[in-house]
Amino acid sequence: MYSLFDASVGTEELNHIEMVCTIVHQLTRNLTVQQIKEQGFADYYVDHTTGIYPVAASGTPWSADTMQSTGDPITDLMENMAAEQKARTTYDNILRLVKDDPDVYDAIKFLRAREIVHFQRFGESVRIVQDNLNSKNFYAFNPAFDNKKC
């Protein structure tokens with residue numbers, strides 16, 4: 001079932017990517033080719049110039065392959081909670097690196113705070129699902145299960 005909650009969370013997550021990409025673009029748009037080489041960005045520059053391409057620090061491009069969906073609401077919400085915590089950790093690491101740049105620091109600190117809020121909201125959602133879940137309505141989520149055998 002599709003809900004406005006799903007749309008608003010997805011939209012906000014895409015906005016996080018947009019904000020990080022904008023920061024990276026602002027920091028790299030005026031680099032010289034020599035600076036790009038000295039900073040180890042030559043390989044990236046060959047493929048993307050200073051354009052933004054969502055990629056992990058390891059060089060792994062973002063992909064939907066990193067997302068999990070089981071169809072079980074508790075499992076999927078816990079997966080979302082884990083993703084929010086991993087994002088918070090990434091922002092913590094970025095904050096350690098950019099503490100001398102208040103413009104970048106403030107934007108990343110804002111994004112970190114949103115990850116904490118998202119984690120809390122997903123946690124509340126888990127509790128709501130658990131509080132309202134019994135064997136009868138749980139298996140309504142997944143018709144592959146037979147209520148009578150469980």
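1. First, a term you'll need: two residues are in contact when they have heavy atoms within 4.5 Å. Keep in mind that this is a predicted model, where local features need pLDDT of at least 70, side-chain atom pairs count only at pLDDT 80 or more, and totals for chains, interfaces and linings use all residues. Residues are numbered from 1 along each chain as its sequence is written, and side-chain values use heavy atoms, with hydrogens and water left out.

2. Start with His 16, which sits in helix H1 (residues 4-28); helices here are DSSP runs of H or I, at least four residues, numbered from the N terminus. Is His 16 buried or exposed? Its relative accessible area is 4%, so His 16 is buried (under 20%, with a 1.4 Å probe and protein chains only). Skipping neighbours within four places in sequence, His 16 is in contact with Tyr 91, Leu 111, Arg 114, Glu 115 and His 118.

3. Now look at Glu 115, over in helix H5. Glu 115 is buried but has no salt bridge (a side-chain nitrogen of Lys or Arg within 4 Å of a carboxyl oxygen of Asp or Glu). The nearest side chain of opposite charge belongs to Arg 114, 8.0 Å away. Beyond four places in sequence, the contacts of Glu 115 include Glu 13, Glu 84 and Arg 88.

4. The largest nonpolar core has eight residues, including Ile 23, Tyr 91 and Leu 111. Such a core is a set of buried Ala, Val, Leu, Ile, Met, Phe, Trp, Tyr and Cys residues joined through side-chain atoms within 4.5 Å. H5 gives the most to this core: four residues.

Methods:
Buried means under 20% relative accessible area, exposed over 50%, partly exposed in between (1.4 Å probe, protein chains only). Helices (H or I, at least four residues) and strands (E, at least two) are DSSP runs, numbered from the N terminus. Lys and Arg count as positive and Asp and Glu as negative; His and the chain ends are not counted.
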